[in-house]
Amino acid sequence: MPLDGIRVVDWTIFQQGPVASAMLGDMGAEVIKIEELGVGDPVRGISGIAGINATLPGGKSYNFEVNNRNKKSVAINIKNPQAKEVLYRLVEQSDVFVQNFRQGVPERLGMGYDTLVNYNPKIIYASASGYGSEGPESHRPSLDPVGMARTGFLELFGTLESEEPRYCQGGVADQMGAIMLAYGVMGALVARERLGVGQKVDCSHMSSMMWLQSLYIHAYLLLGKKLPRFQQHKAANPMMNFYRCQDGKWLFLSLLQQDRHWGNFCQAIGRAEMENNPLFETADKRRENRGEMISIMDKIFATRTCDEWISVLQEFPDFIYERVNSVSDLPDDPQVVANDYIVDFPHPTIGDIKMINVPVTYSET
């Protein structure tokens with residue numbers, strides 16, 4: 001595997017840090033999770049999420065299992081000097097140390113970068129933080145919702161008529177922070193291979209969520225404008241919008257080059273006369289008269305089921321579109337099955353469970 005031979009010491013809790021080290025484990029690294037004796041990762045005790053029961057057989061937390069697959073586990077009394085020596089010996093024989101405690105906690109417990117580098121000068125010390133390593137708020141604790149709130153992400157959702165922000169379920173800031181931290185560790189491993197140096201790597205909720213919204217934020221930085229919230233009935237490009245079909249399912253059109261597709265699209269929806277309608281014949285006209293056009297298309301798409309519309313649209317190979325799935329549709333999705341995007345995972349006590357596979361494939365490893 002790509003990271004065979006790499007050892008990771010993982011002193012993390014909750015999601016942002018644990019997912020980063022789990023991703024390294026997915027790539028073949030040996031990950032040894034350090035937990036405080038008698039306490040453990042707090043996620044072990046979370047029995048519910050979003051109001052639903054989240055307990056697996058044997059009382060295990062589904063959240064913990066998702067975030068800590070492919071890891072070995074060691075529990076030590078972190079405040080005991082002898083136990084800490086065990087940790088230091090692990091660091092001496094490892095490549096990466098990952099932690100996501102608030103600034104000052106690792107240093108106070110003798111687990112900061114300046115301490116561990118004395119035991120292993122080439123260690124890659126990866127920190128998942130909320131607000132970055134510098135600045136007046138670098139010491140503040142952070143959890144997923146505030147990572148989304150501080151960076152403008154929650155402002156993206158909701159209606160045009162209301163300023164109310166909308167929370168997005170699923171730990172987006174934690175997951176994004178984890179992905180970017182793992183990305184940073186991989187870069188540091190390459191740098192160490194080429195340059196022979198270890199280093200500290202930091203990735204925060206703030207930095208990763210800003211990167212996730214690159215086009216949104218750069219619209220303001222470069223154009224001085226904020227992209228408006230997306231609204232189905234006011235989409236600037238009616239051919240890049242979602243429509244409800246006869247069976248209640250939604251179909252999302254993504255015809256970005258709308259003038260290129262306009263003639264064929266009118267043919268596909270059975271309204272050839274619309275092609276030369278002066279209200280809709282150009283992209284500018286369709287944007288100007290989008291309310292009327294979307295109203296027409298709402299009625300057209302309501303005349304057939306989603307599957308029937310897909311059968312029609314697939315006759316035009318250049319069209320880009322997709323049904324709006326539920327997560328419950330994914331396990332049986334033919335593309336998911338064909339690419340092994342969900343696999344059986346051999347859990348040591350529960351047995352085989354279904355888990356999302358590594359999203360990247362390699363041809364040789």
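Strand β1 (residues 7-11) and strand β2 (residues 30-36) run parallel and are joined by four bridges. Strands here are DSSP runs of E with at least two residues, helices are runs of H or I with at least four, and both are numbered from the N terminus; two strands count as paired if DSSP finds at least two bridges between them. Everything here comes from a predicted model, in which local features need pLDDT of at least 70 and side-chain atom pairs count only at pLDDT 80 or more, while totals for chains, interfaces and linings use all residues. Residues are numbered from 1 along each chain as its sequence is written, and side-chain values use heavy atoms, with hydrogens and water left out.

As for burial, four of the five residues of β1 are buried, so the strand is largely enclosed by the rest of the structure. Buried means under 20% relative accessible area, exposed means over 50%, and partly exposed is in between (1.4 Å probe, protein chains only).

Zooming out, β1 and β2 belong to an open sheet of six strands, ordered β7-β2-β1-β8-β9-β10 with parallel pairing. At the edges are β7 (71-76) and β10 (199-204), each pairing on one side only. From one strand to the next, the twist averages 20°. Helix α3 (residues 81-92) packs on this sheet and touches β1, β2, β7 and β8 (96-99), with its direction at about 165° to that of β2. Helix α8 (residues 205-212) also packs on the sheet, touching β9 (124-129) and β10, and its direction makes about 65° with that of β10. Contact means heavy atoms within 4.5 Å; axes are lines fitted to C-alpha atoms, for helices over the stretch in contact, and angles run from 0 to 180 degrees between N-to-C directions.

Next come the cores. The largest nonpolar core holds 30 residues, and V8, V96 and L181 have the most contacts inside it. At least two residues of this core come from each of α1 (16-26), β8, β9, α7 (172-195) and β10, and α7 gives the largest share, nine residues. A nonpolar core is a set of buried Ala, Val, Leu, Ile, Met, Phe, Trp, Tyr and Cys residues joined through side-chain atoms within 4.5 Å. Leaving aside neighbours within four places in sequence, L181 is in contact with A20, V98, A126, S127, A128, V201 and C203. Apart from this core lies another, of 28 residues, including W262, I296, M297 and F319.

Helix α7 also meets α8: their axes come within 8 Å and cross at roughly 95°. The two helices are therefore roughly perpendicular to each other (65 to 115 degrees; under 35 is roughly parallel, over 145 roughly antiparallel, and the rest oblique). On the α7 side, the contact involves V172, A173, D174, M176, G177 and M180, which meet H205, S208, M209, W211 and L212 in α8. These residues divide into seven nonpolar, three polar and one charged, where Ala, Val, Leu, Ile, Met, Phe, Trp, Tyr, Cys and Pro count as nonpolar, Asp, Glu, Lys and Arg as charged, and the others, Gly among them, as polar.

Finally, T365 is found in the segment after β15 (351-356) and counts as exposed because its relative accessibility is 53%. Leaving aside neighbours within four places in sequence, T365 is in contact with M1 and P2.
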